[in-house]
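My entries follow in the order in which I worked.

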Amino acid sequence: MFFFRMIKGAYVRQWKKMLVIAVTVALGASIATAMLNVMLDVGDKINQELKAYGANINVVSRSASVLSNLYEIEGDDEVNVDSYLKEKDVGKIKTIFWAFNITDFAPVMESSVTVNGKKYKAVGTWFNHHLELDTGESVDTGVINLRSWWKIKSGEWINEQSSDLKEVMIGSNFAEKENLSVGAVMTVTGKKGGGDYKVRAVYSSGDAADDTFYMPMSEIQKLSGTEGYVKKIEVSALTTPDNELAVKAAKNPDQLSRAEYDLWYCTAYVSSICYQIQEVIPNSVATAYRQIAESEGEILDKTQLLMTLITILSLIGAALGISNLVTSSVMERAGEIGLMKAVGAKNSQIIFLILTEIFITAIIGAVAGYFMGFGFAQVIGRTVFGSAIDMKGMIAFIVAVLILGVTLIGSLPAIRLMLRLRPSEVLHGR
Amino acid sequence: MNAKTKMFFKMITSSILKRRSRMIIALLAIIVGATILSGLVTIYYDVPRQMGAQFRNYGANMIFTSSSSDAKLTDEAVKEGVKKIPAAELKGYTPYRYEAVRINKQPVIAAGTDIPATLVTSPYWFVEGKRPEKDGEVLVGKTVADLIGARVGESINVQYYDPDEEDDGLEKEGVDLTVSGILETGSTEEEYIYASFSDLELITGKTAGYDVVELSVSSTEANLEKYAKSVEDANALITARLVTRVTSSEGAVLTKLQSLVFIVTAVVLVLTMICVATTMTAVIAERRKEIGLRKALGASNASIMKEFLSEGVLLGGVGGVLGSVFGFVFAEIVSVNVFSGSITFRPFILVLSLLASIVVTGLSSLIPIRSATEIDPALILKGE
């Protein structure tokens, strides 16, 4: 009972000092919590940002003709359905093992059409398509997120849900050549039909899409007589940077051992996602768009490493701050300890008393600090990425171990000093 | 130096030397604070440059095309245009000339280019085998390779049919090239074959300018737009365009990253400053007895304040200098490990962290000194 009275006494008499320790521990703990959380989540966050580069996987039919790609030599009347994918298969992308990592996808159909007597390549796609999957889930996806670099110069994106589908979005070069602007109506004639389309928007993309125009998928299929078929599917997926295993697997998954195969299949490498897409979509070939996939991996790695090093620096800072303060606060109490020794307290009793005091303070500080750090992490997430940082329970454990360890180490030199104190000297005031 | 100043310095140095362990604690706190400040601020300023270099992995972010449909870009025009872009920011440029050729009677597009330059403007190309190193070698896109059944090391015969001449249906004598590598990109590049300009001249039998020049420039989108304009002004033959897909996304991600480092720096900095302040407070607070004694001996509040403050400033200065050096070393380690490049030394960061540590240390010692000087010396000396 006396022990508790001593401790209670320490808190009542020295609440200011205890408060300073608790505040410092709380600050240290909040740095640790915030930085560790941000560090572990920064990969996902940057990955999301990199999705601005658009699709990183391209899915085409296995028998897609090379020639038509190169020279647009399409059979003038007959549509060769072998070289297309079925539109009803597109949604299956959302049923693969890594479905959660597929952020956006959209089928694309291209066809040569005639506008004002001139031949153009028209592109049909989903804009904001609503899709009911076989699994009962529903997905909203489309090209809007896959073309985030487009600048809409006038007008707005086609809305498949509300507007009627007789609309097109035209590239800036095309608009200039044909002298069209938003609201104008143009007549498009394809192989199997034609129609009047209202210009909904003029965009600038900085690439070949500026010379062409985009229209809803169902419309281009009517024009070209390819109902139910798409030429390719653009997929944007969150991927893990490639390593040796991924490179090996990309060449030929059959060469892997069973364990390697499982590891590869269950990791979100771009090659395993491609492989899984080929499994669910019949007669398809999925290829990684290297320019995007490779660079993303590099940038992700670098960012994560950068954040790890910054986190380590902050952790060292926090640890030194805490142990510093603990050391100096224990040293301050030389007089009190001298008195205890003089009245016959054993070293072990004194150490136990002091450690208990410090640890109670540290635990209170650490708990407060954890929640502060939680707040800091969310502030960082909100301001930088506009979304919450995913908090991991593991971090509470790491922070707890860290704080207790640091507090203990911080008290050690002071305690060693205490044990060497001679009561008479201390009490005499030296 | 008069006796008074001498005494002043003696008191300061002896107080630091005699109370070594406490001073080391305070100094350590200041050093850590200054290290974090200078290290993170240095990283903050260097991130756009270093990360920007990483983003060049995406390849070209600007292209030149000819502004007239009849004339191709000439070598002089391109050189003149490229000069308008600061040499430090221009990572590299690759001209391309496209011609329709036939291999095994299959129509294929052949690109003449400066193969070594593609390493910079298209670093993401994955080549099975290797990129051509000398004339007579050709890099074949994967789609084309599948189409004509070409493999690395084999020889292919490339023929040219002039689109302006009547096709007489006769078999032409082509040029034999060795396939040095198969190109995989997952994109349209797989549908071309790439050879040197001299090989393409040999195949077509004529020289011509460039169709497209790809440039990789490490700069912001706003600057790129400026460069594009000045290039077009410098030579009317060139139309310079940005690859918006690359430039706008790069800008977005870089801004996010920099603000991330900024906010992290700010949060960590505020917390470390509070840590330094609490440590200083604790270190000074235990010297109340000393302050009381001095007052009892007749020292004025002002002189006590001056002495303790100078001590704090000295401590802050030493800690600040050491901390800035450590911070720079830390930033350098980060830079070498993460970006495998050296960091730019910025003297103002050194000055900034030195000033910050002096101010923080000074201010945080001010508060406890003030409260100590306000108390009656008799009470302090009595031990209450």
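**Entry 1, the interface.** I began with the contact between the chains, which takes 62 residues from chain A and 63 residues from chain B, contact meaning heavy atoms within 4.5 Å. I note at the outset that this is a predicted model, in which local features need pLDDT of at least 70 and side-chain atom pairs count only at pLDDT 80 or more, while totals for chains, interfaces and linings use all residues. Residues are numbered from 1 along each chain as its sequence is written, chains are lettered from A and ligands numbered from 1 in the order in which they are written, and side-chain values use heavy atoms, with hydrogens and water left out.

Chain A and chain B bury about 5,900 Å² between them, with 72% of it on carbon and sulfur atoms; buried area here is the accessible area (1.4 Å probe) that two parts lose on being put together, summed over both. Of the area that chain A buries against chain B, Y53(A), R290(A) and L313(A) supply 12%, more than any other three residues.

I then looked for charged pairs across the interface of chain A and chain B, where the rule finds two salt bridges, each a side-chain nitrogen of Lys or Arg within 4 Å of a carboxyl oxygen of Asp or Glu. One of the salt bridges I looked up joins the side chains of D210(A) and R241(B), at 3.9 Å from N to O. On the side of chain A that touches chain B, the largest share, 26 residues, comes from α10(A); helices (H or I, at least four residues) and strands (E, at least two) are DSSP runs, numbered from the N terminus.

Over all chains, the structure holds 24 salt bridges. In chain A I looked up K231(A) with E110(A), whose closest N and O atoms are 2.8 Å apart. This pair links distant parts of the chain, 121 residues apart, with K231(A) in the loop between β12 and β13 and E110(A) in strand β3, and both K231(A) and E110(A) are buried.

In chain B, which residues are linked in a network of salt bridges? The members are K72(B), R97(B), E99(B) and D211(B). K72(B) and E99(B) have their closest N and O atoms 3.7 Å apart; K72(B) lies in the loop between β1 and α3 and E99(B) in strand β2, so the pair ties together parts that are 27 residues apart in sequence. For D211(B) and K72(B) the corresponding distance is 3.3 Å, and this pair spans 139 residues. E99(B) is buried, with a relative accessible area of 12%, whereas K72(B) counts as partly exposed at 27%, as does D211(B) at 23%.

Terms used
Buried means under 20% relative accessible area, exposed over 50%, partly exposed in between (1.4 Å probe, protein chains only).
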